[in-house]
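Subject: A structure for you to look at

Hi there,

Could you take a look at this structure when you have a moment?

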Amino acid sequence: MAKYKTKTKVTAASVNDFIASIDNDTRQADAKALMRIFKEATGWKPCMWGPTIIGFGAYHYKYESGHSGSICAAGFSPRKANLAIYVADFPGKEALLKKLGKHKGGVKQCLYINKLEDVQIDCLMEIIKRSLVELRKTWPVTAS
């Protein structure tokens with residue numbers, strides 16, 4: 001059986017250059033705002049994970065199956081269709097999502113937002129912070 005290779009890894013690419021390359025002005029402004037929000041919520045500097053994910057912090061995981069790897073502790077990707085927010089699941093997340101505003105997903109999978117003006121920023125910050133608290137219960141989390 002072929003061993004799985006992690007595709008999403010931290011890179012040396014510039015986060016600012018990536019954001020500057022976003023064609024949609026609203027998406028670019030939202031990415032800049034999200035970068036500030038995540039910096040404040042995590043206390044970490046951003047770095048690129050793969051070609052399109054802006055990540056904060058990192059954790060190394062290893063499952064019972066033997067599969068292991070590293071990924072950002074929290075992050076986002078300013079996609080053409082929406083902003084994908086990557087945070088862990090935690091108790092009480094569903095209640096916060098009800099207060100967040102217009103979004104899709106988010107309970108066990110990625111959180112998708114069309115634009116930042118659709119959501120409550122303080123609620124999003126709380127989701128990011130509580131996600132990291134929960135993540136630290138299972139995995140060692142470090143600055144990336």
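Below is what was found in it, part by part.

Please keep in mind that this is a predicted model: local features need pLDDT of at least 70, side-chain atom pairs count only at pLDDT 80 or more, and totals for chains, interfaces and linings use all residues. Residues are numbered from 1 along each chain as its sequence is written, and side-chain values use heavy atoms, with hydrogens and water left out.

A few terms come first. Helices (H or I, at least four residues) and strands (E, at least two) are DSSP runs, numbered from the N terminus. Two strands pair if DSSP finds at least two bridges between them.

Six strands make an open sheet with antiparallel pairing, in the order β1-β2-β5-β6-β8-β7. Its edges are β1 (46-49) and β7 (104-105); each has a single partner strand, so one side of each is left without a neighbour in the sheet.

Now walk across some of the pairs. β1 runs antiparallel to β2 (residues 53-56), and four bridges join them; here Cys47 has Gly55 in β2 as its bridge partner. β5 and β6 are also antiparallel, over four bridges, with Pro78 opposite Leu83 in β6.

**The three-stranded sheet**

There is another open, antiparallel sheet, with three strands in the order β4-β3-β9. Its edge strands, β4 and β9 (141-142), each pair on one side only. β3 (residues 58-62) and β4 (residues 68-71) are held by four bridges. His60 is partnered with Ser70 in β4, and Lys62 with Ser68. The hairpin of these two strands has five residues between them, and there Gly66 takes a positive phi near 100°.

**A salt bridge and a cysteine**

How many salt bridges does a search of the whole structure find? It finds three, counting a side-chain nitrogen of Lys or Arg within 4 Å of a carboxyl oxygen of Asp or Glu. One of them joins Asp89 and Lys108 (3.2 Å, N to O). This pair links distant parts of the chain, 19 residues apart: Asp89 is in the loop between β6 and α3 (93-100), and Lys108 in the loop between β7 and β8 (111-113).

Cys110 also lies in the loop between β7 and β8. Leaving out residues up to four places away in sequence, Cys110 touches Ile85, Tyr86, Lys104 and Gly105.

Best wishes

Technical notes
Contact = heavy atoms within 4.5 Å.
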